[in-house]
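Biologist: I would like to learn how to read a few features of a model. Please show me the structure and take me through them.

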Amino acid sequence: METEKCLFPNCPRPGSYVRGLCPSHYQTASRLVSQKKTTWNEMEAKGIVGSPKVHTPSQKAADYFLGKKP
């Protein structure tokens, strides 16, 4: 788990999750994007959200979820 703070100013929540935001602030930003009030690229260019991180599951986790036995 990440130990960074949310990028939202003065947010006390530990752990940055998606795009450097805590779940609550990510949900707010995501809602604004879905309402076409802004875009992820615009917010990223302003430095108020981080870039998306591509998560690749470990082979062990992938095998588990695909029903393959160890």
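Modeller: Start with Cys11. Cys11 counts as buried, at 8% relative accessibility. Buried means under 20% relative accessible area, exposed over 50%, and partly exposed in between (1.4 Å probe, protein chains only). Before we go on: this is a predicted model, in which local features need pLDDT of at least 70, side-chain atom pairs count only at pLDDT 80 or more, and totals for chains, interfaces and linings use all residues. Residues are numbered from 1 along each chain as its sequence is written, and side-chain values use heavy atoms, with hydrogens and water left out.

Biologist: How many disulfides does the structure hold?

Modeller: A disulfide is a pair of cysteine sulfur atoms within 2.5 Å. The structure holds zero. For Cys11, the closest cysteine sulfur is in Cys22, 3.9 Å away, which is too far for a bond.

Biologist: And Cys22: buried or exposed?

Modeller: Cys22 is buried, with a relative accessible area of 0%. The closest cysteine sulfur to that of Cys22 is in Cys6, at 3.8 Å, again too far for a bond.

Biologist: How do I read a pair of aromatic rings?

Modeller: Two values describe such a pair: the distance of the centres and the angle of the planes. Rings of Phe, Tyr and Trp (its six-membered ring) pair if their centres lie within 6.5 Å; planes under 30 degrees apart are stacked, over 60 edge-to-face, and the rest tilted. A search of the whole structure finds two aromatic pairs. Tyr26 and Trp40 are stacked, 5.3 Å centre to centre with 10° between the planes.

Biologist: Which parts does that pair tie together?

Modeller: Tyr26 lies in helix 1 (residues 23-34) and Trp40 in helix 2 (residues 40-46), so the pair links parts 14 residues apart in sequence. Tyr26 is partly exposed at 26%, while Trp40 is buried at 16%.

Biologist: What about Tyr64 and Phe65?

Modeller: Their rings are edge-to-face, with 5.0 Å between centres and 80° between planes. Tyr64 is exposed at 61% relative accessibility. Phe65 is exposed too, at 69%.

Biologist: How many helices and strands are in the protein chain?

Modeller: Helices (H or I, at least four residues) and strands (E, at least two) are DSSP runs, numbered from the N terminus. The protein chain has three helices and zero strands. Along the sequence, the pattern is α-α-α.

Biologist: What share of the residues counts as buried?

Modeller: Of the 70 residues of the protein chain, 24%.
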